[in-house]
Structures are given as C-alpha cells and as structure tokens.
Amino acid sequence: MTVRSATRLAGLGLSTLSATLLLAACSGKEQPPAGPPGGAMPPLPVTALEMQPTRVETSVEAVAQTEGAREVEVRARVGGILEKRVFDEGSPVKAGQALYQIDRAPLETAVAQARAQLAEARARVEQTQREAARLKGLLAQQAISQREYDTASSDNSVAVATVQAAQAALRQAELNLSYATVTAPVGGISGRSVVSEGTLLSTGGGTLLTTVVQVNPMWVRFSIPEAELSAAMPEGRFKPQAIRGVELVLPDGSSYPVRGKLNFAASQIDPKLGTLQLRGEFANPEGRLLPGQFVRARLITGERTGVFKVPQAAVMQTEKGPVVMTVDADNKVAPRPVKTGQWSGPDWIILDGLKAGDKVIVDNLMKARPGATVAPHAPGQGPGAPAAAKPGAAPAAAPAAKG
C-alpha cells in the first residue's frame with residue numbers, strides 16, 4: 001500500500017466517525033425522558049362516575065302498529081249511475097261532507113210516484129168513510145142489513161191501511177233520494193276512490209266507494225307476554241288502572257312528544273301466544289302518526305326508587321352475569337357484580353350491587369385490569385386538568401412577544 005492510499009483511508013475513517021457521533025448526539029436530544037424510578041408504569045387515567053341513588057319509571061316495550069281511531073268504509077246505499085266525485089282523494093274530510101253524487105232523476109221519480117199513490121189512498125179513505133156514514137144511518141132505519149154495513153166498514157179499514165202503506169213508501173222514497181248524496185260518516189283522512197264517475201252501482205246498494213280514517217286521536221295496538229308484564233308491575237300483577245301512560249318510539253328512533261293513555265286491555269291471555277292484547281290512544285293533531293306504521297310502544301307500569309344509572313358501555317357481560325369496574329379507597333380497580341334492570345335512554349338501571357358513593361369506571365375498561373392502580377377523575381375533567389379560576393381573580397398576563 002502506498003502512502004497516498006493510506007492517507008485517503010484514514011481521512012475516510014475520520015469522516016465516518018464524525019458522522020456517527022453527530023447522529024448519536026442528535027438522537028439523544030429526541031429521546032423521551034426516562035420513566036419513574038424502578039421502571040414502574042404510571043397509574044391509568046380513567047373516568048369514574050360517582051353513584052347517587054335516583055328514581056326511575058318502570059316500563060316494558062313491545063312492537064306496535066298504529067291504526068285510526070275509526071276506519072269507516074263509505075258505501076252506496078242506493079243504486080244508480082255515479083255522476084261525480086266531489087272530494088280530493090287522500091284529503092281531510094269533515095263528518096257530513098258530501099263525497100259522491102248519484103243520479104237523482106230515478107229517485108225523484110220514485111218520490112213523485114209515492115206521493116201520487118198516497119194521494120189516491122187518501123181519496124179512497126174519504127170515499128169509504130162517507131159510504132160507511134151513509135150506511136150507518138140506513139142501518140138505524142133498518143133499511144139495510146147488518147152485513148152490508150159491516151162490509152162498508154171493512155172497506156174503510158182497508159183504505160186506511162192503504163194510506164199507511166203509502167205513507168211508508170213515500171218516506172222510503174224520500175230517504176233513498178237523500179242517499180243520492182253520499183256523505184262522510186266521520187271526519188278524517190279520505191282514501192282513494194274505488195269507483196269512478198259513470199259506474200252503475202248495484203240496485204241493492206252497498207257498493208264500496210272509499211274509506212275514511214279518523215287519525216286524531218290515533219290508536220296503537222300491541223301485545224306483551226304475560227311474564228314480562230307481570231315482572232314490570234310493582235305488585236307483580238297487571239292492573240290496567242295502575243298504568244301511568246304509554247310512550248311511543250318512532251321508526252327513526254325518536255320519541256313521540258306526547259304521552260298517550262291505555263284505552264283497552266283484553267280480558268284474557270291469548271292461549272296460543274301467552275300475550276295480552278293492549279291498545280294505547282295518542283293525540284295526533286298534526287297528523288304525524290299515520291295508520292299502519294310500525295313503532296315501539298313503551299308501557300309505563302310504575303316507579304322504582306333507590307336505583308342507580310350506569311352508562312351501557314360501563315356494564316360488561318360475563319359468564320357469571322353483568323359486572324362493572326369500580327375504584328376502591330386505594331384507587332385500585334375492583335370488579336363488582338350487579339343486577340341490571342331495564343334501559344333508560346343510554347343508561348342501564350342497576351337494581352342491586354351498588355351503593356351511594358361508589359365510583360364506577362366508564363372508560364378505558366379494556367386496560368383497567370382488576371387490582372391495577374388508576375388515576376380516577378370526574379366526567380368532563382381530564383387527568384391533570386387545571387383547577388378552575390377563583391371568582392374575581394385577575395387573568396394571567398399574556399407572554400411578551402419576541403423581538
């Protein structure tokens with residue numbers, strides 16, 4: 001090796017060493033600070049909710065379906081040609097409002113004929129009455145036999161009966177004429193028209209024309225298993241008069257703003273399904289509820305006191321039942337078996353297993369191992385959050401800007 005090659009090799013080694021030292025120095029500045037002495041992990045920050053007893057309503061839910069308080073079929077009561085429809089399909093109608101018009105001409109003719117028959121019958125009565133009065137005087141003079149007088153009296157009775165029949169026929173003809181205008185029997189929302197103008201309605205009547213559904217109030221039908229219903233009642237026995245009301249959960253998950261009332265409870269349990277049929281009634285002035293909707297009905301059965309509310313995410317299901325993680329006096333994680341009730345919005349109702357003042361962990365549950373030390377803090381206060389400023393304290397001065 002020449003002297004010149006050795007010099008180049010030595011220079012390359014010095015450059016590499018300098019770069020290595022520079023990189024090590026830079027890396028040392030970016031390394032995180034050393035942990036606690038002895039390598040112990042810091043306590044796990046967790047949010048702990050302090051338990052306080054509360055009062056909640058007890059309820060039981062079931063799938064339900066809405067229906068109009070009255071769902072009426074509108075039918076033609078006389079035959080004839082349907083001349084016109086005088087309402088808009090699907091529009092609100094009032095009780096007594098005209099919906100259809102049937103051809104009146106044949107019905108008016110029938111009324112005129114009935115009146116003529118009545119007038120003829122009355123004239124016949126007058127004639128038989130005069131004849132009976134004349135024969136009565138002759139009978140007193142013994143100018144005619146009793147048989148002749150009895151025959152005249154019988155003719156008069158037949159004539160009177162004919163008048164009564166004619167009067168009934170006239171009333172029926174006038175009634176049929178009034179049926180030519182088909183009206184809404186109740187107020188509500190009209191359905192589609194089943195028949196169109198020009199249709200020949202059957203002579204006997206009864207042809208279905210449309211329907212009218214009363215949507216205010218709205219009814220809701222549902223069935224609840226007997227066991228669930230009894231368990232939700234404070235005394236373990238269903239009593240309709242003890243029901244506090246009915247709430248609705250709409251298809252989009254929102255709650256109907258108005259609480260309804262129970263207006264029907266079946267008198268017996270369905271032997272095939274073991275359920276009790278119930279029905280609620282809800283005010284529906286704006287028509288937000290429509291007939292045939294599938295909703296959830298929540299039957300308010302009573303009230304429980306001394307229970308606790310825990311977020312649903314804080315309750316873990318294990319082989320031995322539901323468990324929540326609590327923080328003991330030494331800030332260590334302590335599992336606590338609990339007895340859950342029903343849901344109340346986003347919370348579980350805890351019936352047993354907790355007492356006032358217990359602190360339930362509601363986050364970091366995957367890391368909160370039993371016996372581990374934690375750093376609990378109240379909801380909304382992160383670990384190491386600064387204390388709130390005292391009232392009247394002067395605000396801190398802003399740092400001076402660097403020149």
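Colleague: Say a nonpolar core is a set of buried Ala, Val, Leu, Ile, Met, Phe, Trp, Tyr and Cys residues joined through side-chain atoms within 4.5 Å. Which residues in the largest nonpolar core touch the most other members?

Modeller: Those are L99, Y100, I102, V182 and L209, out of 30 residues in that core. The elements giving two or more residues to this core are strand 5 (98-102), helix 2 (105-140), helix 3 (146-178) and strand 9 (208-225). Another core, of 27 residues, lies apart from it, with A232, L276, A297 and L299 among its members. Buried here means under 20% relative accessible area, exposed is over 50%, and partly exposed is in between (1.4 Å probe, protein chains only).

Colleague: Before we go on, what should I know about the model and the numbering?

Modeller: This is a predicted model, in which local features need pLDDT of at least 70 and side-chain atom pairs count only at pLDDT 80 or more, while totals for chains, interfaces and linings use all residues. Residues are numbered from 1 along each chain as its sequence is written, and side-chain values use heavy atoms, with hydrogens and water left out.

Colleague: Fine. How many helices and strands are there in the chain?

Modeller: The chain has four helices and 20 strands; these are DSSP runs numbered from the N terminus, helices being H or I with at least four residues and strands E with at least two. Of its 403 residues, 31% count as buried.

Colleague: Back to Y100, what is it in contact with beyond its neighbours within four places in sequence?

Modeller: The list includes L82, V86, F87, V182, V194 and L209. Contact means heavy atoms within 4.5 Å.

Colleague: And S190, buried or exposed?

Modeller: S190 is buried, at a relative accessible area of 6%, and it lies in strand 7 (residues 188-190). Its side chain reaches the backbone oxygen of S91 at 2.9 Å, and a polar atom of that side chain is 3.3 Å from the backbone oxygen of D88.

Colleague: Switching topic: which strands does strand 13 pair with?

Modeller: Strand 13 (residues 294-311) is joined to strand 2 (residues 54-75) by twelve bridges, running antiparallel. Strand 10 (residues 245-249) pairs with strand 13 in the antiparallel sense over five bridges, and four bridges join strand 13 to strand 18 (residues 347-352), also antiparallel. Two strands pair if DSSP finds at least two bridges between them.

Colleague: What about E247, who is its salt-bridge partner?

Modeller: R259, at 2.6 Å, N to O. R259 is in the loop between strand 10 and strand 11 (261-265), and E247 is in strand 10, so this pair ties together parts twelve residues apart in sequence. Relative accessibility is 36% for R259 and 23% for E247, so R259 counts as partly exposed, and E247 does too.

How values were computed:
A polar contact is a pair of N or O atoms within 3.5 Å; within protein, one must be able to donate a hydrogen and the other to accept it, and residues adjacent in sequence count only if both atoms are side-chain atoms. A salt bridge is a side-chain nitrogen of Lys or Arg within 4 Å of a carboxyl oxygen of Asp or Glu.
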